[in-house]
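Hi everyone, thanks for making the time this morning. I'd like to walk you through a structure, so please have a look at the screen.

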Amino acid sequence: MNMLRISSFALFLFGLVAAPPAQAQANSWELGPLLGVNFDKVLGSKDNELLIGAVSRVHLSSLPISLNPGLEFYPGVDDGSLFVLNFDAQYQLEAETVKPYVGAGISWARFSPEDGSLAVRSNIGLSLKGGLVFRPASRTQPYSEAVLNFSDGTEALIVRSGFLFTIGN
């Protein structure tokens, strides 16, 4: 539980430092659901585990970088619940019809057993990702990405897709 407080506080502070002033935010931000598959084991999961979640993308107005916090839940995990918090930064590449991006970040995964025991497990990982946003000029943008997560000496390949809904401008 102490690690959750420390991680939350660190992410909050990073958000305060990295966010531009309110009057300088000319760009919009996006919010949306996601669906994916984790092809490797994470804490209490099996191989090829389905995940659902939500993601937000906050664009920095003066840079081609966006902050990308997200939350994932693994509904099929046996004997407990598994959720993952992600915080990535991604660099937008220039293109005409699709908007490619690459990024990196951190993740925090937590497995809680169903039986109520105190055997809660968590870990912190680093991730690298790349993806495509389709119809970048639209207010509803489908996207797909592949993520390679490194945690506890293992790697996990995760493929996610979803929709981003523009909020604001």
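Of its 169 residues, 36% count as buried. Among contacts between residues at least 6 apart in sequence, 51% join residues at least 24 apart.

Now, how far can we trust it? The average pLDDT of the chain is 81, and 78% of the residues score at least 70. Confidence is lowest in helix α1, residues 2-18, with a mean of 48, and highest in strand β1, residues 29-38, at 94. Over residues 12-26 the pLDDT is below 50, and beyond near neighbours in sequence this stretch has 11 contacts in the model. As a general rule, where pLDDT is low, the predicted coordinates should not be read in detail.

Let's move to the cavity. The structure holds 1 cavity of 30 Å³ or more, and the largest cavity has about 80 Å³ of space. Of the 15 residues that line it, the closest to its centre are L34, V55, N86, E145 and R160. Which strand gives the largest share of that lining? That is β3, with 5 residues. Strands β2, β3 (65-74), β4 and β7 each supply at least two lining residues. By class, the lining has 6 nonpolar, 3 polar and 6 charged residues.

Next comes the nonpolar core. The largest one has 15 residues, and those with the most contacts inside it are Y74, L82 and Y143. Five strands each supply at least two of its residues: β2 (49-59), β4, β5, β7 (140-151) and β8 (154-167). The largest share, 3 residues, comes from β5. In soluble globular proteins, nonpolar side chains tend to be buried together.

Let me stay with Y74 for a moment. Leaving aside neighbours within four places in sequence, Y74 is in contact with N38, E49, L50, L51, L82, V84 and I158. One of those partners, N38, lies in strand β1. Is N38 buried or exposed? N38 counts as buried, because its relative accessibility is 0% and the cut-off for buried is under 20%. N38 and L157 are 119 residues apart in sequence, yet their C-alpha atoms are 6.0 Å apart in space.

Strand β1 also holds P33. With 42% relative accessibility, P33 counts as partly exposed. P33 and G53 are 20 residues apart in sequence and 5.8 Å apart in space, C-alpha to C-alpha. Beyond its neighbours within four places in sequence, P33 is in contact with G53, A54, Y143, S161, G162, F163 and F165.

F165 is partly exposed, at 36% relative accessibility.

Where is E94? E94 is found in the loop between β4 (80-92) and β5 (98-113). E94 counts as exposed because its relative accessibility is 75%, and the cut-off for exposed is over 50%. E94 and P64 are 30 residues apart in sequence and 9.3 Å apart in space, C-alpha to C-alpha.

The other one is R135, in the loop between β6 (121-134) and β7. R135 is partly exposed, with a relative accessible area of 47%. The phi of R135 is near 50°, a positive value in a residue other than glycine. Most residues other than glycine have a negative phi.

That's my tour, and I'm happy to take questions.

Terms used: Residues are numbered from 1 along each chain as its sequence is written. Side-chain values use heavy atoms; hydrogens and water are left out. pLDDT is the predictor's confidence in each residue, from 0 to 100. Helices (H or I, at least four residues) and strands (E, at least two) are DSSP runs, numbered from the N terminus. Contact means heavy atoms within 4.5 Å. Buried means under 20% relative accessible area, exposed over 50%, partly exposed in between (1.4 Å probe, protein chains only). A nonpolar core is a set of buried Ala, Val, Leu, Ile, Met, Phe, Trp, Tyr and Cys residues joined through side-chain atoms within 4.5 Å. On a 1 Å grid over the protein atoms alone, a cavity is a set of points where a 1.4 Å probe fits but cannot get out, and a pocket is an open set with protein on both sides within 12 Å along at least five of seven lines; lining residues have an atom within 4 Å of a point. Grid points are joined across faces, edges and corners, and a volume is the space filled by probe spheres set on the points. Ala, Val, Leu, Ile, Met, Phe, Trp, Tyr, Cys and Pro count as nonpolar, Asp, Glu, Lys and Arg as charged, and the others, Gly among them, as polar.
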